[in-house]
Amino acid sequence: MGSLCLSLSTLVLMMLTASELLLRGDSKTYWGDVKGLKKLKKGFDSGSVTPGSCLSSWDFSVDPCDHIFSDRFTCGFRCDLNISGISRVTEVSLDQAGYTGSLSFSACNYLPYLETLDLADNSLAGSIPTSLSNLTRLRRLGLSGNFFSGEIPTSIGSLFALEELYLDHNQLQGSIPASFKGLSSLKRLELQGNKLSGEFPDLGPLKNLTFLDASDNAISGGVPVGLPGSLIEISMRNNSLDGNLTEKIGDLGFLQVMDLSHNQLSGTVSSILFQHPSLQQLTLSYNQLSSIQVPSDMGAMSELVALDLSYNQLQGLLPAFMAMMPKLSALSLEKNKFTGMIPSQYALKVAVPSEGTSSFARLLLGGNYLFGPIPGPLIAMKPGSANVSLVDNCLYRCPETFFFCQGGVQKSSVACKSFGPVIP
């Protein structure tokens with residue numbers, strides 16, 4: 001009798017195993033991927049899964065990949081067939097539905113074919129799981145605009161296939177991992193809007209990196225010198241960078257945009273920046289820079305289109321060579337300590353630029369110690385032809401003598417109104 005019961009139990013177990021294997025065999029989605037999707041959904045608060053959202057349609061009573069874009073799985077992921085004919089989940093991109101909860105640690109253990117994970121612009125919190133390093137095929141990781149906190153896991157540095165990393169606008173703290181130099185395929189790195197601190201790591205080995213934004217953090221130390229020559233755009237505004245501008249910037253041969261404003265940089269603005277072969281937009285406002293080095297070619301080969309050096313401690317005469325930079329159309333030197341008269345070259349570049357060169361569409365010189373007459377070409381300009389500001393200086397004009405001086409006895413806030421384009 002006992003052996004009969006044992007045989008029946010064995011038979012039932014075999015039938016259940018066969019049934020499970022049959023179900024797996026009939027399933028279009030690999031069973032491990034289904035488990036990963038389940039764990040991912042379980043990590044989110046059920047109360048935040050609202051009707052009409054992607055997650056609200058995830059009904060695991062049916063096969064996910066076999067019912068993708070149906071009323072059971074309307075959106076949020078993608079499947080691709082592998083060589084064995086089984087569907088693998090290769091992308092999870094959730095909608096911006098205000099999901100709360102956390103990113104499941106264990107979910108990353110079951111989705112090895114994932115190439116894109118995008119959970120951006122929700123309300124997820126907690127730490128970023130170290131298990132993300134198991135997603136070895138990951139090319140895009142988007143966790144922007146959530147409430148992730150804690151430190152960035154060093155394990156992310158082992159994602160050799162990763163091309164885009166978005167960790168911006170969270171509450172991440174600590175230093176940027178040195179392991180990031182292992183992200184050999186990385187093209188875009190966004191870390192802005194966190195609470196990151198410490199010195200910036202060496203990213204020189206990242207030969208594919210073209211875009212870097214680490215603005216609005218608490219990063220300290222000097223301007224990073226370990227940057228790859230492939231960079232096209234870099235922004236590190238509103239940090240705690242100090243010291244002098246490194247001439248290593250000249251080694252970034254493809255750089256087009258650089259924003260280091262709202263830091264504590266001091267010393268000289270190197271002539272290398274005015275002779276750079278590709279730099280088009282340079283913003284160094286709100287620092288403590290005190291002087292400008294004149295380039296040997298007087299800026300004749302400069303590619304700069306927009307230059308902002310406002311709110312610094314720059315002294316001396318206005319640099320006349322900037323009017324000779326052929327492509328420069330926006331120049332802001334306001335709120336410094338420049339003295340002397342406005343160079344005639346500035347006025348001519350606004351009103352009657354040389355053939356083949358750009359005119360000043362925007363020229364901001366307010367808040368300095370400039371004196372003397374306003375150049376005639378500026379007075380003769382037609383209203384609306386350019387945005388020019390000379391306010392808070394010590395200039396005068398004819399035929400009436402109007403003075404508007406920074407800290408002076410006579411000051412008129414309307415002295416420039418008759419010029420149209422010259423803004424008080």
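## Ground rules

Residues are numbered from 1 along each chain as its sequence is written. The model is predicted, so local features need pLDDT of at least 70 and side-chain atom pairs pLDDT 80 or more, while totals for chains, interfaces and linings use all residues; side-chain values use heavy atoms, without hydrogens or water.

## Cavities

On a 1 Å grid over the protein atoms alone, a cavity is a set of points where a 1.4 Å probe fits but cannot get out, and lining residues have an atom within 4 Å of a point. Volume here is the space filled by probe spheres set on the points, with points joined across faces, edges and corners. There are two cavities of 30 Å³ or more.

The largest cavity holds about 50 Å³, and its lining includes L40, V92 and C108. That lining has nine nonpolar residues, no polar and no charged. (Ala, Val, Leu, Ile, Met, Phe, Trp, Tyr, Cys and Pro count as nonpolar, Asp, Glu, Lys and Arg as charged, and the others, Gly among them, as polar.) The second largest cavity comes to about 40 Å³, with eight nonpolar lining residues and no polar or charged ones; P224 and M258 are among them.

## A pocket

A pocket is an open set of points with protein on both sides within 12 Å along at least five of seven lines. The second largest pocket has about 150 Å³ of space.
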